[in-house]
Amino acid sequence: MDSDSAVQCKLVVVGDSQCGKSALLSVFAKDSFPECYVPTVFENYSASFDLDLQRVELRLWDTSGSSYYDNVRPLSYPDADAVLICFDISRPETLDNVLKKWRGEIEEFCPNTKMLLVGCKSDLRTDLFTRSHSRHSPVSYDQGSNTAKQLSTPYLECSSLQSDNSVKDIFHVATLACVNKNNRSMKRRKSSRASKRMSHSGGDMSPVASTHFQQTKAKSCAVM
């Protein structure tokens, strides 16, 4: 497939510190769960795969959730096709910050960008050690879903530690949203050009709706 015909998608991942963002990206892009926590400032990854008959090339941006980087994090938002807002299912305060902090930041710096809400570390919801050492109950699926409704976004959960498939599902949904967005933009450009020529075009590009998901080459990462 000609690389010139590939759809380019930029996904930015945000959320509180240590909520599971880097593990999510590492499992998807490097097929590797990180053995220890290393704070992220900015890091990017690339991945390519076929979605039905469409080649998709992803640019994945990992960001720091620390308030120390609040002034520089917005540098990652320009040209984003979708933003994944992550929270830690075992820490309810990270879900609270989705509405208190992350929604406002995204609406300020990329207001027209598609958002997805991602509950990370779903395996900790039933982890007895976590439950016995936490002052709060883990976030329920309904709580996450209700927050997503307030954002008017899809809601998905994953366990980067235990389920590669749940991680792939996250990026499958995000990529479909990007591809459909790009195709709608192409339709509008075609329509605009046709209007200027006072003629009609009969070849609309249909959004990719297939659920077929297949990775086709290894990913690479680079520290910015």
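Which residues do ring pairs link into a cluster? Ring pairs, counted where the ring centres of Phe, Tyr or Trp (its six-membered ring) lie within 6.5 Å, link Phe87, Tyr141 and Tyr155 into a cluster. The model is predicted, so that local features need pLDDT of at least 70 and side-chain atom pairs count only at pLDDT 80 or more, whereas totals for chains, interfaces and linings use all residues. Residues are numbered from 1 along each chain as its sequence is written, and side-chain values use heavy atoms, with hydrogens and water left out.

The structure holds five aromatic pairs. In one of them, the rings of Phe87 and Tyr155 have centres 6.2 Å apart and planes at 10 degrees, so this pair is stacked, a term for planes under 30 degrees apart, while those over 60 count as edge-to-face and the rest as tilted. Distant parts of the chain are linked by this pair, with Phe87 in strand E4 (residues 82-88) and Tyr155 in strand E6 (residues 155-157), 68 residues apart; strands (E, at least two residues) and helices (H or I, at least four) are DSSP runs numbered from the N terminus. Both Phe87 and Tyr155 are buried, where buried means under 20% relative accessible area, exposed over 50% and partly exposed in between (1.4 Å probe, protein chains only). The rings of Tyr141 and Tyr155, by contrast, have their centres 5.2 Å apart and their planes at 55 degrees, so that pair is tilted. This second pair joins Tyr141 in helix H4 to Tyr155 in strand E6, 14 residues apart. Tyr141 is partly exposed, at a relative accessible area of 44%, whereas the value for the buried Tyr155 is 11%.

Helix H4 (residues 141-151) also packs with helix H2 (residues 92-109), at an angle of about 15 degrees and with the axes 10 Å apart, the axes being lines fitted to C-alpha atoms over the stretch in contact and the angles running from 0 to 180 degrees between N-to-C directions. H2 and H4 are therefore roughly parallel to each other, since angles under 35 degrees count as roughly parallel, over 145 as roughly antiparallel, 65 to 115 as roughly perpendicular and the rest as oblique. The contact (heavy atoms within 4.5 Å) is made by Leu95, Val98, Leu99 and Arg103 of H2 and by Gln143, Gly144, Thr147, Gln150 and Leu151 of H4.

Helix H1 (residues 21-30) is mostly covered, eight of its 10 residues being buried, among them Leu24, Leu25, Val27 and Phe28. Asp31, which follows H1, has a positive phi near 55 degrees.
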